[in-house]
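I have one structure to go through, so please look at it first and then we will take it piece by piece.

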Amino acid sequence: QAAAAAAAMAGTGEAAGELSFKNVGYVGKVGVGTFKLTAQQLGWKGTLPVDGQVTFTGQEIAVAEWQRSGGRDRCLLKLCFKGGLGGVCRFTGFRSADLPSLKAHLQSSFGVAVQEQPVAIQGWNWGDMKLQPPKAGVADRELRFMVNDKLGFDLPTGEIKQVGLVKNDVTIEFRDRATAEQTEEVLCEICFTVPGGADGGLSAEALRDDLQTRAGLATTGSVFARFTDVTIVAPRGKHDVEFFNEGIKLRGKSQSYVILFSNMARLFLLETEPQKQWTFVIGVTEPLRQGKTLHTFIAFSFDDNKIIPEIDEEMLKEFNEKPGEGCLAHLIFGQLIRKFSGKPIAAPSADFRASSPLKADAIPCTYKAVHGHLFFLKQSFIYVSKPVVWCRWQDIQSAAVDTGLLRGRSFDLTLHTKQGTSIDFVHIDHPLLQPIVDVLKAHTTILDLDRLEQKIQTRQRRSSQGASPGGADRGVRPRRSAAEGAKAAAHEPDDDDEDDEDFEDDSAEDDGDSSGEELDVDDDEGAASASKKRKKR
């Protein structure tokens, strides 16, 4: 072996004790480079198309594995490192003739024996799932897909970010492509169908639970608090929320999610309807995936009714609540999240509530054809519906307000970010214009501010002079559907204060949906109002 190693070293043109292989790829990085081993360390340096470098000492290697994969006599060297150091690295592009020299060098310099792993080449998409038990001193815990006792592929469970289950389909999510660099090639998601479960075979539920445990996503221990039938705006549906020591588990009818307390970045408690409905929003660092949609913010909806929570009595006393007595669900829920995540709960600014004619924090409006509520905070603003929109004031370049020509009862707000994008909130009731302008002036630049302030003053002057009967006292009235607005303009021009039950039901729906018919109501009512004025003339 020593003679073979010396001959191989001489063939590569390296000095004694060194090996170098060109045109070797580092799995996960774009391009190829040079793989080099010395007496103390080994590493890879990229050359085409971009530069990159990784280096390890020989003492860090725990297991080395050789696989003939890639075709055309291409082989792969897999290195597993000791716990907490580097996980797993794969280098591809070797030739079969390189194995003897690599074996000799790894054994003589680092004391690591290279194991040859047979690889399945049938191309089957069905086989047996095997979870490798942790090796002594090795950080990697692998999920292996075997075909006739040969390796189809393997996945490191340490890189798993989320595991979902829908019927018999187990979806494993890895890194999001949005967070990957341009020089990286990453596996984002893979789905397995597990038809077994009978006669002691592997079931989909068992596979999901095992993967979550190995990836550190499992909520171990006993449940110390539970909230049932909690409405989640996004991802949509009713879920049971269970609290564990490491995080919370959302159990739905078709899918379950795990949110670790360590992944919670920011918290919001918002009163979407005064004395009626509250929304608690959690911003996470690892988005939840529902189909092809990623949810960075999870919004929980609560009503204002008191409940008897399923919570540990000692913990309930910490929140100054008595066991067996009713309490507000959103308050207990928020206190639990804050206690275990260590994050503060942000609330809307009290200044806007004081100046708003609604005397409320929420601004009813529409974003991307979906009705919701906009809230102004001291350092940012947030819109609650589907999707949740959050942005810091420091990232806003300017704001524009469009009052329109025939729109006497609503206006649109456009916020231009410093990244060149725009956020449009439409169908905002006109009496909220002055409080919104006051907030915008404190945080950003308002385009064409002089013209806008002249319109506000003109409107206020007409209102104080009583230009229309009862105009100064009407305030903000509920909107009507387009069909009702047209009927009122044709047959009942004076019946402007009629309640619209359809709109109230839609605005209070848990899932946040609203019909497209109601989204255009302000344009219709503005046109109807203009028609009335023409008739009077």
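Predicted model: local features only at pLDDT ≥ 70, side-chain atom pairs only at ≥ 80, totals over all residues.

Let me start with the inside. Which residues have the most contacts inside the largest nonpolar core? They are Phe-243, Ile-248, Phe-300, Leu-336 and Ile-337, and the core itself has 33 residues. Take Phe-300 as an example. Leaving out residues up to four places away in sequence, Phe-300 touches a list that includes Val-230, Ile-232, Val-241, Ile-248, Leu-250, Trp-278 and Phe-333. Thr-231 and Thr-279 are also among the residues it touches. Apart from this core lies another one, of 29 residues, with Tyr-383, Leu-413, Val-439 and Ile-446 among them. As background, nonpolar side chains in soluble globular proteins tend to be buried together.

Next, some strands. Strand β27 covers residues 370-376, and seven of its seven residues are buried. What does β27 pair with? Strand β26, residues 363-367, pairs with β27 in the antiparallel sense over five bridges. Within that pairing, Ile-363 has Leu-374 of β27 as its bridge partner. The hairpin of β26 and β27 has two residues between the strands, and there Lys-368 takes a positive phi near 50 degrees. β27 also pairs with strand β28, residues 380-384, again antiparallel, over four bridges. There, His-373 stands opposite Val-384 of β28, and the hairpin joining β27 to β28 runs through three residues.

Now a separate sheet. It is open and has three strands in the order β9-β10-β11, with antiparallel pairing. Its edge strands are β9 (128-131) and β11 (150-156), each pairing on one side only. On average, neighbouring strands of this sheet are turned by 25 degrees against each other, direction ignored. Strand β10, residues 142-147, is joined to β11 by six bridges, and one of the bridge pairs is Val-147 with Lys-150. Helix α3, residues 204-214, lies across β9 and β10 and runs at about 30 degrees to β9.

On to a helix pair. α7 and helix α8 (residues 449-464) pack at an angle of about 150 degrees, and their axes are 11 Å apart. That angle is why α7 counts as roughly antiparallel to α8, the cut-off being over 145 degrees. From α7, the contact is made by Leu-433, Gln-434, Val-437 and Lys-441. From α8, the residues making it are Leu-449, Leu-452, Glu-453, Ile-456 and Gln-460. The crossing of α7 past α8 is left-handed.

Where is His-430? It lies in the loop between β32 (422-429) and α7 (433-443). Is His-430 buried or exposed? It counts as buried because its relative accessible area is 10%, and the cut-off for buried is under 20%. Setting aside residues up to four places away in sequence, His-430 touches Thr-403, Gly-408, Arg-409, Ser-410, Phe-411 and Arg-459.

The other one is Phe-110, in helix α2 (residues 99-110). Its relative accessibility is 10%, so Phe-110 counts as buried. Beyond its neighbours within four places in sequence, Phe-110 is in contact with residues including Leu-37, Ala-39, Gly-58, Ile-61 and His-105. Phe-110 and Glu-60 are 50 residues apart in sequence, and 9.0 Å apart in space from C-alpha to C-alpha.

That is all I have; thank you.

Terms used: Residues numbered from 1 in each chain as written. Heavy atoms only, no water. Core = buried A, V, L, I, M, F, W, Y, C linked by side-chain atoms within 4.5 Å. Buried < 20%, exposed > 50% of the residue type's maximum accessible area, 1.4 Å probe, protein only. Contact = heavy atoms within 4.5 Å. Pairing = 2+ DSSP bridges. Axes fitted to C-alpha atoms, helices over the stretch in contact; angles between N-to-C directions. Parallel < 35°, antiparallel > 145°, perpendicular 65-115°, else oblique. Left-handed = near helix turned anticlockwise from the far one by under 90°.
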